Structures are given as C-alpha cells and as structure tokens.
Amino acid sequence: MDAALKQKILAYNAQVPRYTSYPTAPHFNEMDAAGYVPWLQTLDAAAGAVSVYIHVPFCTEMCWYCGCHTTATKRYAPVEDYVSLLLREMKMVAAQLPARLSVSHIHFGGGSPSMLHPEDFTRIMQTLRALFDVTADAEIAIEADPRGITHDRAENYAAMGVNRASFGIQDFSPAVQAAINRPQSYDVVARAAEKLRAFGINKLNFDLMYGLPRQMLGDAAETARLAMTLSPQRVALFGYAHVPWMKKHMRLIKDEDLPDAGLRLDQFAAAEEVMLAAGMAAVGLDHFCMAGDDMIAARDGKKLARNFQGYTTDSAPVLLGFGLSSIGRLPQGFVQNAAHITAYSEAVLAGQMPAARGCEINAEDSLRGEIISDLMCYLAADVGAILGAHGRSAGDFDDVIAGLSGLCADGLAVIDGRRVSVLPEARQMVRVLAARFDAYFTDAPKRHVQAA
Ligand code: SF4
C-alpha cells in the first residue's frame, strides 16, 4: 500500500462497530418471549418469503482467534441434545405464526454446523420443511469446517438441498496455523472442496484473515494465491479482532506476535491484489466475488444487504433465528436468543421462547440504519436522498457531513452535495464514516475493534 495513503488511514484508525446491524448488538436491551411473540404473530405470509438462521454452537477444538459463540467438545452427546432443543424451538416459533410461511434462505452458522451427524442434519432439515414451505430455489448454506467434511456428510448435504458452503481457511502458513491453533493443510481444504463438488455443491465461499499472529506480509498473499487455485465463488477477507478481555481463549495469542496496524493494511492490500488479478471483484468492505456472481449484480443493482454473517444477496425482510445466541430480524426490530446454554435449554424445556435481548426499531433508527447500510454495502450513501425518502429535511445531517471534511481533505472520502463516499483504496475507513451517523456510538475503549 502507498505509504502516504497508509499514514492517512492510520491517522483516522479508531475502534468502531462492524455494523452487521443498526442499532448494533451491544445496544440491544433485555427482551423476553412476551416481547417477541406479538412480533411473530403479526408476520404476514403475503409479505413474501422469510430467511432462517440456525446456530450450532459446538466445535471439536477451539481456534484461538475465534470470536464466535461456540464451545469445544470432543463428545457428541451435547450436540445431539442441542438438536432436540432446536427442533422444539422451531416448533414453538411456528406455532405462534398466523400462517405457514415460505422460506427462501436457510443459513447454518456456528460454531461448526458441519459437526452435526448426517441423521441430525436431516432431522433439522426435515423439521424445517414440515413447518415451512422451503421454496424450490431456496439458498441453503452451511458454514463448514473443511477438516470435518466426509463423503457421507457431503452426500447428506446434497440430499438435503444444501447449495452453498463456506470454509474457514484463514491462512495456509503452518506457523500462523500453529499460533492460532488451527492446523489445516491446503490438501485438507482441497479434498473437502472436491467432496462437495462431487455432489453438486459448487458455490463455495472461503473465509481468509489478515492481522493474525505471526502472519507475515507474504503469508497473506500466498494464502490468497493458494485459495485462488481452488476456485471459490466468494472470499471474505476479515481482519482478526484481538479482544482477549471478551474472549478468554484469545489470551493464548501473544500480543507481540500480532502485526501492527500498518502491516495489517499491507496484508489486506497484498491479498486483495492477488484476488483482483485472479478476476475477482471487490464488494463492500471485505468481500470478493468471481465475475458473474449474483452478489456483484446485487451490489450494482443496489440490492446488497448486510446481516450478521456479513454481506448477503438475501433481501427477505424477515429473518427467524434459531438456537443459542441467534439473532432474528422482524419488521418491528431485532431479537436475540439467550447466549448461555443453561438459560437457552431451561427456556426451551419449559416451553418458553428463549428470547433474551432485543431492540425495537424506531423511525430514527430506520433512517440512520439505511445510511449506514448504504455506506457499508456501496462505500457511498446519498444522505440527502435517504432523508427525503424518510420524510425528513435534506439538510438534517449537514453537520455530520461537514464533520467529514478532514477525511475529504486527506483524500480518503468525497462529499458531493449530500452524497458521501469512501475511496475504494481507503475502504477500511467506511466503518469510521458509518460511526459518524450512529446515534448510539460511543468511543469507550475496548468496546469495538479497530477499523484498520
Ligand atoms: S471452527 Fe470456527 S467457530 Fe469453531 S472455534 Fe474455530 S473459528 Fe471458532
């Protein structure tokens, strides 16, 4: 990365949210079934298909960089018990709906949903199909640990309609893998991709990371190069967020092994260069897609959305979340399930919806959320037009826009009338810009992660 540009980005580097929702999850309040059930009861089948997210909070081993809600277990019994709870929760939610709903997207996240034995994955899919009308062209996606992809699992996914899988790769360097406790060779990933493709599951997403302990500049580029040889359809290039005060296992990563912010920027730029040269197009803050991918069309057609998994082409207005810590989105707002297994299982076994937190969205949230979503998806937002569409005066955020003049003077952002944008080469700054429109944002230390 150009040294002058890097210095300018670093001058504005700050701890800011990732903006996978607005308001962001730390601003959710206490909320229980009594708050959630009336929302479910107003859902209208005529409003179109909904999306479903299913969280599987188990992994066979803990990766030290992990920021997910998950627990390591060598035994399968807790996973099997959890599946029974999930099925009960799904039935409880479906019983509250005023009509049978269509489902156009199903996403299995975690944790490692690929830990599920084929018979349990089948039970979940069969229950979903019994409770909802899963559309013929539904996207059914699973986050998969390549190390756990067997012939039987691949066959089971295909039989259950899975048509997209994402692999956590992070970095292929053995030194980095040792420093994050995720040993996983290129051959393991290649074989997992081969197994899924043999059963027709061709839409493969890879997650790569920069900013990892002991990761050199060359590692990020070489990992991207090796990833390209496996022809993924999409790549998400995430920055490692070191938050040992929130995730205790991150204490196993030594601070002195972490690259500094300048090297992180160089790592992103090096991996990006490899992927662009391989024919991928950049989307949003950190995604890359092969030509022809529908995410590029969604970006160009202003239909891209952002959810808790990152960028998505899923435009369904309703997301039903199932499982521990899962977050749902309804027209009224967000709802999150209990994040501890004891609270989750006690509620489900008592026949109660396990909702624990949530946030009702008001008109101001909706307005600011649209500006922030446009910034995150397109690196630009026409603030005046969005204000007008919400029945507000076009000049209502002129003070916020004026506050961006420093970023513009430094060549990182552009103000054109009331349209604000970030230059693609300074895309890390988009979260900094978004935070200026966030009414809840406070720069309390250790609350968020660095933008760069
Ligand atoms: S496999 Fe994924 S979810 Fe599980 S510990 Fe590793 S990073 Fe976290």
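**A chat about a predicted model**

Visitor: I see that Q170 lies in strand β8, residues 164-170. Is Q170 buried or exposed?

Guide: In this predicted model, Q170 counts as buried, because 23 other C-beta atoms lie within 10 Å and 20 or more are enough for that label. Q170 also has a positive phi of about 75°, although it is not a glycine.

Visitor: What about P23, where is that?

Guide: P23 is placed in the loop between β1 (15-16) and β2 (29-30), and the peptide bond leading from Y22 to P23 is cis, with omega near -5°.

Visitor: And which residues does the cis bond with omega about 15° join?

Guide: That cis peptide bond joins G110 and G111, and G111 itself lies in the loop between β6 (102-110) and α4. Both G110 and G111 are among the residues around the ligand, a group that also includes C59, M62, C63 and D145.

Visitor: What classes of residue make up that shell around the ligand?

Guide: The shell has five nonpolar, five polar and one charged residues.

Visitor: Which residues of α3 are buried?

Guide: The buried ones are Y82, V83, L86, L87, E89, M90 and V93. They cover an arc of only 165° around the axis, so they fall on the same side of α3. In general, an α-helix has 3.6 residues a turn, so residues three or four places apart point the same way.

Visitor: What covers them, and which residues are exposed on the other side?

Guide: The cover over the buried residues of α3 includes α2 (33-41), β3 (50-56), α4 (118-131), β15 (319-322) and α11 (341-349), while A77, D81, K91 and A95 are exposed on the other side of the helix.

Visitor: Last topic: how is the protein divided into domains?

Guide: It is divided into domain 1 (22-360) and domain 2 (363-450), whose C-alpha centres lie 27 Å apart. Their contact takes 16 residues from domain 1 and 17 residues from domain 2, and the side of domain 1 that touches domain 2 has twelve nonpolar, two polar and two charged residues.

Conventions: Residues numbered from 1 in each chain as written. Predicted model: local features only at pLDDT ≥ 70, side-chain atom pairs only at ≥ 80, totals over all residues. Domains from an automatic or database assignment. Contact = placed C-beta atoms within 7 Å. Nonpolar A, V, L, I, M, F, W, Y, C, P; charged D, E, K, R; others polar. Near = placed C-beta within 6 Å. Buried ≥ 20, exposed ≤ 12 C-beta atoms within 10 Å, placed from the backbone. Helix = DSSP H or I, 4+ residues; strand = E, 2+ residues; numbered from the N terminus. Arc of directions from axis to C-beta.
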